[in-house]
Amino acid sequence: MTATNGGPTPAGDTTGARPGGDTGPGRSDTVSAVVRQWQTVHPQLDTGPMEIIGRINRCAALLQQAEDAPLRRAGLSRAEFDLLGALRRTGHELTPGELVRETFSSGAAVTKRLKQLAERGLVERRGDTRDRRVAHVRLTDAGRELVDGILPEQLAYETAVLSVLEPDGQGELAGLLAELLGRLEGLGGAPRA
């Protein structure tokens with residue numbers, strides 16, 4: 001992490017607290033410690049963005065580790081489940097190119113995962129009758145049953161994680177993240193430096 005929220009630490013303030021910032025002594029998450037260290041090294045930098053982006057990244061990593069437990073029990077990786085989930089939620093066959101777009105994965109990664117899932121009998125591929133270069137992928141009955149069996153566990157886990165936030169807080173967080181994501185997607189990703 002490099003920089004985060006608010007202005008530089010005022011002169012003489014040794015607590016690490018900043019006006020409007022979240023790195024005061026009451027905060028004890030990993031990102032707060034990182035921000036305080038950067039403020040010591042570069043007190044003139046605005047480390048505010050780090051407090052948001054750093055926490056989003058850290059939360060995502062921790063959520064993914066814990067959330068993958070039901071998937072590991074089923075012998076699936078997160079990326080494999082994302083492919084199966086895309087096929088299930090769209091409700092129809094998809095081409096590998098469509099799966100690339102649905103899962104934000106590379107073409108090579110999707111091809112490899114589809115091969116592994118087909119070997120397990122979870123997906124089937126069929127060639128296009130008009131264009132031999134195009135393949136269509138669909139869930140098998142076993143794949144559909146697997147996704148439908150795991151999804152309630154995933155949602156129960158996510159509900160438990162979010163229960164530390166009040167319902168209003170959950171709604172506010174969802175709205176803010178939706179706004180940020182919409183802007184980033186509209187820009188084709190994060191702005192380039």
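Which residue of strand 2 does G127 stand opposite? In this predicted model, G127 stands opposite A135.

**View 1. Pairing of strand 1 with strand 2.** Strand 1 (residues 123–127) and strand 2 run antiparallel and are joined by five bridges. Within strand 2 (residues 135–139), four of the five residues are buried, so the rest of the structure largely encloses this strand.

View 2. Helix 1 (residues 30–41) comprises 12 residues and reaches 17 Å from its first C-alpha to its last, close to the expected 16 Å. Its buried residues include V31, S32, V34, V35 and Q39. These residues cover an arc of only 160° around the axis, which puts them on the same side of helix 1. Q37, T40 and V41, on the other side, are exposed.

**View 3. D29 at the N-terminal end of helix 1.** D29 caps this end, with a side-chain oxygen 3.0 Å from the backbone nitrogen of V31. The side chain of D29 also meets that of R55 in a salt bridge (2.8 Å, N to O). Because R55 lies in helix 2 (residues 48–73) and D29 in the segment before helix 1, the pair ties together parts 26 residues apart in sequence. R55 counts as buried at 16% relative accessibility, whereas D29 is partly exposed at 29%.

**View 4. Salt bridge between R73 and E153.** The two side chains meet at 2.5 Å, N to O. R73 lies in helix 2 and E153 in helix 6 (residues 141–162), so parts 80 residues apart in sequence are tied together. R73 is exposed, at 59% relative accessibility; E153 is partly exposed, at 37%.

Key. Residues are numbered from 1 along each chain as its sequence is written. This is a predicted model: local features need pLDDT of at least 70, side-chain atom pairs count only at pLDDT 80 or more; totals for chains, interfaces and linings use all residues. Side-chain values use heavy atoms; hydrogens and water are left out. Buried means under 20% relative accessible area, exposed over 50%, partly exposed in between (1.4 Å probe, protein chains only). Helices (H or I, at least four residues) and strands (E, at least two) are DSSP runs, numbered from the N terminus. Two strands pair if DSSP finds at least two bridges between them. The expected span of a helix is 1.5 Å times one less than its number of residues. The arc is that of the directions from the helix axis to the C-beta atoms. A polar contact is a pair of N or O atoms within 3.5 Å; within protein, one must be able to donate a hydrogen and the other to accept it, and residues adjacent in sequence count only if both atoms are side-chain atoms. A salt bridge is a side-chain nitrogen of Lys or Arg within 4 Å of a carboxyl oxygen of Asp or Glu.
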